Amino acid sequence: MEQTLLAFSQATGIYGFMNSPWGWPVIESLHFIGLSLLLGTVGLFDLRVLGLAPVLPLPALHRLIPFGVGGFVLNVLTGIMFVTSVPDQYLYNPAFQSKLLSMALAGLNMLLFYSSSFRAVMQPSPSAQALRTARVFAAISLLCWAGVITGGRLITFFRPPFYWCFWCG
Amino acid sequence: MPAFFIALLSWIEESALAVWVGESTWGFPISLVLHAFGMGLLAGGNLALRLLGAAPAIPLIGLLRLYPVLWGSAGLSLVSGVMLLSAYPAKALTNGVFYFKLSLIAIGLWLLAKPVRQLLQQGVDTAIQRRYGAAILVIWLATITAGRFLAYTHNVMRVSDLTGG
């Protein structure tokens with residue numbers, strides 16, 4: 001796995017770029033910009049569903065979601081550049097593993113939200129039942145993305161070989 | 001390096017806050033995580049994107065309701081930023097990029113507090129909206145980038161690196 005990722009990074013030129021003087025900080029800056037876009041749009045939508053600023057119509061606010069998706073895509077791409085350039089620092093890192101798990105849960109939660117209460121809650125005056133359900137999705141979404149950010153920020157403190165994982169002893 | 005500056009850096013580095021942030025298991029990581037949350041919620045682009053013309057159905061006056069979140073995020077970033085700074089004062093305060101970042105933040109917060117707030121209250125033509133939207137977007141993008149570059153542009157880590165002690 002490590003070797004495959006590293007070979008990909010080297011073959012595509014990512015490895016060379018990331019090891020150039022400003023490669024890593026430039027890509028990190030983009031990763032943080034993507035994070036901000038995601039939190040500022042998807043996070044804001046979640047906060048609104050949870051009761052913040054009810055004067056802002058949900059359908060109007062939802063128009064900002066594509067920018068959050070853009071931020072997420074930017075972060076997947078920049079994230080791939082980090083991970084493939086030093087795979088051993090990530091694959092065995094419990095902070096990174098937790099981050100991926102949180103991301104998977106956020107994705108699952110999003111799918112369930114869009115396939116269930118999304119339509120009802122986007123109505124001009126949604127029912128109390130629709131709002132209650134949507135609030136659960138919004139709270140889980142916020143928690144998951146907070147977990148993703150926390151996991152990401154903690155990666156540097158759990159680098160192998162010092163910390164392979166919590167449960168390795 | 002002036003003696004009083006070294007004395008100031010030493011005083012910060014030896015303060016109780018600095019010792020806790022720098023030496024406890026969770027002080028530094030928690031500060032980093034909180035700083036990231038503050039950043040995302042303050043510089044998340046929602047206000048800038050709306051002013052630039054995205055999501056025009058969002059009422060401008062309603063965006064004033066986001067100000068408590070924006071100021072709360074700024075406060076969180078300030079507190080966590082002071083925590084991070086306290087642990088390595090020499091690292092940041094001898095780096096020009098840090099002062100550049102602080103200047104950007106001052107401009108960004110002033111824009112939010114004065115002209116942008118006024119614009120949201122009174123509503124102005126879209127050309128002016130776009131100008132301010134672009135301004136805060138550029139300011140926050142540059143702030144984030146400058147912040148990230150702080151980790152790569154410092155010359156020293158500790159006060160002892162300056163005094164040779």
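How many helices and how many strands does chain A have? Chain A has nine helices and zero strands, where helices (H or I, at least four residues) and strands (E, at least two) are DSSP runs numbered from the N terminus. The model is predicted: local features need pLDDT of at least 70, side-chain atom pairs count only at pLDDT 80 or more, and totals for chains, interfaces and linings use all residues. Residues are numbered from 1 along each chain as its sequence is written, while chains are lettered from A and ligands numbered from 1 in the order in which they are written.

Along the sequence, the pattern of chain A is α-α-α-α-α-α-α-α-α. Its C-alpha atoms fill a box of roughly 55 × 35 × 25 Å along the principal axes. Of its 169 residues, 37% count as buried; a residue is buried if 20 or more other C-beta atoms lie within 10 Å of its own, exposed if 12 or fewer, and partly exposed in between, with C-beta atoms placed from the backbone. Two residues are in contact if their C-beta atoms, placed in that way, lie within 7 Å. Of the contacts in chain A with a separation of 6 or more, 80% are between residues 24 or more positions apart.

Two residues of chain A illustrate these terms. Thr84(A) sits in helix α5 (residues 65-85) of chain A and is buried, because 22 other C-beta atoms lie within 10 Å. Thr84(A) touches Leu5(A), Leu6(A), Phe8(A), Ser9(A) and Ile14(A), leaving aside residues up to four places away in sequence. Gln3(A) is 81 residues from Thr84(A) in sequence, yet 9.2 Å away in space, C-alpha to C-alpha. Leu91(A), in helix α6 (residues 88-91) of chain A, is partly exposed, with 14 other C-beta atoms within 10 Å. With residues up to four places away again not counted, Leu91(A) touches Met1(A) and Glu2(A).

Next comes the contact between the chains. Chain B contributes 28 residues and chain A 28 residues. On the side of chain B that touches chain A, α3(B) gives the most, with eight residues. That side divides into 20 nonpolar, six polar and two charged residues; Ala, Val, Leu, Ile, Met, Phe, Trp, Tyr, Cys and Pro count as nonpolar, Asp, Glu, Lys and Arg as charged, and the others, Gly among them, as polar.

Helix α3 of chain B (residues 27-42) has 16 residues and should span 22 Å, which agrees with the 22 Å between its end C-alpha atoms; the expected span is 1.5 Å times one less than the number of residues. Its buried residues include Ser31(B), His35(B), Phe37(B) and Leu42(B). The buried residues of α3(B) pack against α3 (23-49) and α9 (128-154) of chain A, and against α2 (16-23), α5 (67-87) and α8 (126-153) of chain B.

The largest nonpolar core has 58 residues, and those with the most contacts inside it are Leu38(A), Trp145(A) and Ile136(B). Such a core is a set of buried Ala, Val, Leu, Ile, Met, Phe, Trp, Tyr and Cys residues joined through C-beta atoms within 7 Å. To this core α3(A) gives the most, with 12 residues. A second, separate core of nine residues includes Val21(B), Met83(B), Leu84(B) and Val159(B). Met83(B) and Leu84(B) are among the buried residues of α5(B).
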